[in-house]
There are 2 protein chains.
Amino acid sequence: MNAEILSVGTELLLGHVVNTDTAYVARALSSIGINVHYTATVGDNPQRLQRAVEESLSRCDLLVTTGGLGPTEDDLTKETVARAAGVPLAMNETCLQELLRYFAGRYCGENQKKQAVLPVGCTVLKNDCGSAPGCLFRSRQGALVVMLPGPPGELIPMLENYALPALAGQQEKAVILSRNLRVFGLGEGLTAEKLEDLLRGSNPTAATYALDNECFVRVTARAAQESEALAMMQPLMEKIRARLGNYLYTEEYASLEETVVQGLMRQKKTLATAESCTGGLLSQRLTAISGSSEIFEMGAVTYANRIKEQVLGVCSQTLREKGAVSYETACQMAQGIRQKAGSDLGIGITGIAGPGGGTPEKPVGRVYIALSDGAHTWVRCMPGGIGRTRSRAFYRQAASSHALDMVRRYLTGLPVLEDLEFPRAAGIPVSSPCPQKEKNS
Amino acid sequence: MNAEILSVGTELLLGHVVNTDTAYVARALSSIGINVHYTATVGDNPQRLQRAVEESLSRCDLLVTTGGLGPTEDDLTKETVARAAGVPLAMNETCLQELLRYFAGRYCGENQKKQAVLPVGCTVLKNDCGSAPGCLFRSRQGALVVMLPGPPGELIPMLENYALPALAGQQEKAVILSRNLRVFGLGEGLTAEKLEDLLRGSNPTAATYALDNECFVRVTARAAQESEALAMMQPLMEKIRARLGNYLYTEEYASLEETVVQGLMRQKKTLATAESCTGGLLSQRLTAISGSSEIFEMGAVTYANRIKEQVLGVCSQTLREKGAVSYETACQMAQGIRQKAGSDLGIGITGIAGPGGGTPEKPVGRVYIALSDGAHTWVRCMPGGIGRTRSRAFYRQAASSHALDMVRRYLTGLPVLEDLEFPRAAGIPVSSPCPQKEKNS
């Protein structure tokens with residue numbers, strides 16, 4: 001089954017909102033064996049929308065639209081798509097009752113009720129997280145049409161819980177199975193170089209992708225059944241694992257933070273964080289994972305030196321002589337927060353995320369990341385000042401990822417200060433274990 | 001001039017990478033008065049790419065392609081686009097010399113050299129941040145074609161420094177000007193209802209958009225000059241301002257956090273945060289803004305009750321009798337962090353972000369958000385348990401946005417506990433000022 005995805009919305013077309021729906025839908029469709037050949041975006045303009053829908057319906061088996069189902073006047077997707085697909089619309093009484101329940105106790109205007117108007121004879125796709133239902137129906141041209149709401153928080157559950165099961169029933173049995181082998185500490189270029197000859201297959205395939213200071217290798221196979229696809233992938237995955245070694249941290253759709261939270265939960269270890277330049281990004285990433293309250297004791301965002309001394313017990317002499325952005329301060333932050341929180345592990349991050357604040361000795365991008373378990377403290381250094389200067393968001397994300405990678409390596413018994421590509425390139429030695437300093441609590 | 005944007009790359013089509021290039025190019029084009037009517041993505045498949053290019057060239061004045069200019073085997077954009085546009089390719093000697101300089105001291109293979117092959121007679125667009133040059137040329141069909149590289153770090157400088165100036169010279173003088181009026185505390189539905197009659201104009205236009213627990217109204221005008229477009233927008237914007245009142249928080253491309261950081265900087269006031277369920281999301285949003293170190297003193301992420309007592313001085317009796325998720329605990333967290341940090345303002349957030357941990361009295365989504373200035377403490381309550389349960393990420397984002405909105409209202413002298421749509425709908429009274437409680441520091 002060949003599919004196209006059409007996103008509707010002037011805000012997407014003008015570039016004021018980045019379209020993440022298309023990527024999500026494409027990935028979901030391929031997971032049930034549906035090929036996406038083409039995706040497009042049109043604004044809230046009925047003529048251009050109608051032409052785009054007609055073109056799509058003339059060449060694809062499945063058209064998925066996103067956006068334009070809401071109550072506002074520019075939400076014209078339903079009317080226009082139904083017209084292009086040659087299917088009439090009517091008020092769906094079941095949906096209307098559902099909608100009135102949704103608005104129970106609140107005002108439900110006429111524009112809200114319009115959301116229950118749907119193509120006659122369609123399969124209704126429930127919206128568990130909003131008011132506008134979606135639908136699935138067959139166009140006069142013969143292609144299936146699925147209409148989904150635009151907000152990702154509504155689209156994702158509707159797609160996963162209702163649209164995909166309905167579509168899976170409609171198509172010939174074929175499965176496209178993918179596994180993501182996620183890598184931290186090697187760039188995409190170096191990863192691709194290590195795997196060069198393995199990236200040329202056709203079924204299964206392997207391809208590298210860059211992603212937020214990380215990269216991943218996707219292995220994909222297509223077969224009649226999942227077990228068959230999996231068997232086709234195994235030998236290739238084995239080779240990739242062997243070449244990437246410790247840099248490979250998971251083979252699931254799990255992030256670095258999920259991997260770390262799960263690891264801590266399994267080992268019943270707790271963590272506390274002291275952050276300067278990352279400003280709470282690390283604690284936020286950890287606590288975004290449900291259940292993290294079991295393993296996360298405390299986070300401190302200590303911007304001012306005064307607070308570093310007072311809350312974390314960093315020596316005023318260290319701050320004066322070595323500076324707030326130093327190997328020694330990072331060590332003491334990790335040790336201090338661990339003591340303060342009474343946790344098994346402590347992390348300290350201090351650095352210069354920019355755009356201001358850099359000096360020749362400590363350029364923008366210089367960040368020290370320390371991990372302490374009480375007996376030992378390890379420090380990684382992101383050198384900064386190499387190649388082009390990156391954004392504040394980049395350095396913050398990278399530093400928090402390094403911290404997570406250090407915990408991951410600690411928990412799995414790997415060397416915490418692995419010879420990473422990044423510090424090595426800097427010509428700055430990767431930091432060795434820090435001398436322990438006992439603090440007055 | 002009507003434009004289309006065509007992105008090339010199987011990684012985009014499969015949804016493994018989110019396409020941010022299109023949004024950037026669309027915004028840049030509209031800033032010089034070029035309308036984008038349609039955007040699309042195709043994979044690295046020459047037949048489908050050629051058909052998409054031919055369709056575009058038959059209906060637009062300008063086609064911008066992104067991606068597929070690099071040295072790897074699947075980079076086929078140039079060959080295919082040139083064929084569809086009826087223009088031959090040839091090795092560009094100047095570009096080749098440039099490329100050899102770029103690779104100075106490194107190996108430059110034949111596949112690398114292919115990057116200097118360009119449409120005959122094109123304007124070369126320099127790549128200051130990578131190896132593959134872009135180009136601008138006129139197709140046999142009469143439309144202009146601009147080809148840009150895919151990586152945003154290469155695309156953005158090429159677009160800004162070379163492509164936009166070249167395009168600006170090609171077109172009739174016209175400017176599309178947009179202003180975003182950002183709203184917190186009213187949903188998109190209610191906002192659209194208040195503005196209903198104002199959303200029907202054609203030039204200027206106004207339209208509403210939902211965005212991460214907020215919404216915004218975009219006002220757009222098209223004219224020969226910026227000043228003229230601005231003059232056309234003013235009366236409409238005045239009417240919108242009058243109807244939205246306090247819910248409108250900025251008219252710039254500024255987020256709630258930027259608005260708050262700028263407000264604090266202007267008034268030379270400092271802030272400290274104590275977060276439970278948001279886990280550092282609020283401090284992270286604040287410190288993502290460059291310069292926030294001037295106004296942000298300290299953040300504490302206090303998950304465990306023990307830490308709430310120890311670090312923030314929350315009464316153990318309060319925690320025992322009222323619970324960690326309570327009006328009183330939020331108050332004491334805000335007051336406690338303010339004292340601890342010695343800041344002008346303190347924020348406390350405590351709640352149940354889910355998916356676990358809810359009870360009939362305190363359902364998932366219940367969050368208390370307190371702001372203290374030493375003299376007064378105000379508390380907002382997100383009730384939870386109304387309508388359908390939303391994601392952990394949703395409640396965390398909403399709670400941190402409420403905190404920012406409270407600070408914004410405080411700084412501009414507005415009532416901090418405005419009668420928001422959200423708590424009112426809950427039937428739970430919006431909290432009144434909290435009795436002050438002095439703590440032993």
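## Helices α10 and α15 of chain A

In this predicted model, helix α10 (residues 256-267) of chain A packs against helix α15 (residues 392-411) of chain A at an angle of about 35 degrees, with the two axes 9 Å apart. Helices here are DSSP runs of H or I with at least four residues, and strands are runs of E with at least two, numbered from the N terminus; axes are lines fitted to C-alpha atoms, for helices over the stretch in contact, and angles run from 0 to 180 degrees between N-to-C directions. The crossing of α10(A) and α15(A) is left-handed, a term used if the near helix is turned anticlockwise from the far one by less than a right angle, with right-handed used if it is turned clockwise.

Contact means heavy atoms within 4.5 Å, and among the residues that meet are A:L256 and A:V260 in α10(A) and A:L404 and A:L411 in α15(A). By class, this contact has six nonpolar, three polar and three charged residues, where Ala, Val, Leu, Ile, Met, Phe, Trp, Tyr, Cys and Pro count as nonpolar, Asp, Glu, Lys and Arg as charged, and the others, Gly among them, as polar.

## Helices α2 and α7 of chain B

In chain B, helix α2 (residues 21-31) and helix α7 (residues 152-170) pack at an angle of about 20 degrees, their axes lying 11 Å apart. That makes α2(B) roughly parallel to α7(B), since angles under 35 degrees count as roughly parallel, over 145 as roughly antiparallel, 65 to 115 as roughly perpendicular and the rest as oblique. The crossing is right-handed, and the residues of this contact divide into ten nonpolar, no polar and two charged.

## The interface of chains A and B

Between the chains, 73 residues of chain A are in contact with 72 residues of chain B. The area buried between them, meaning the accessible area (1.4 Å probe) that two parts lose on being put together, summed over both, is about 6,300 Å², of which carbon and sulfur atoms give 52%.

## Salt bridges

A salt bridge is a side-chain nitrogen of Lys or Arg within 4 Å of a carboxyl oxygen of Asp or Glu. Four are found across the interface of chain A and chain B, and the side chains of A:E297 and B:R306 meet in a salt bridge at 2.4 Å, N to O. Over all chains, the search finds 29.

Residues are numbered from 1 along each chain as its sequence is written, while chains are lettered from A and ligands numbered from 1 in the order in which they are written. Local features need pLDDT of at least 70 and side-chain atom pairs count only at pLDDT 80 or more, whereas totals for chains, interfaces and linings use all residues, and side-chain values use heavy atoms, with hydrogens and water left out.
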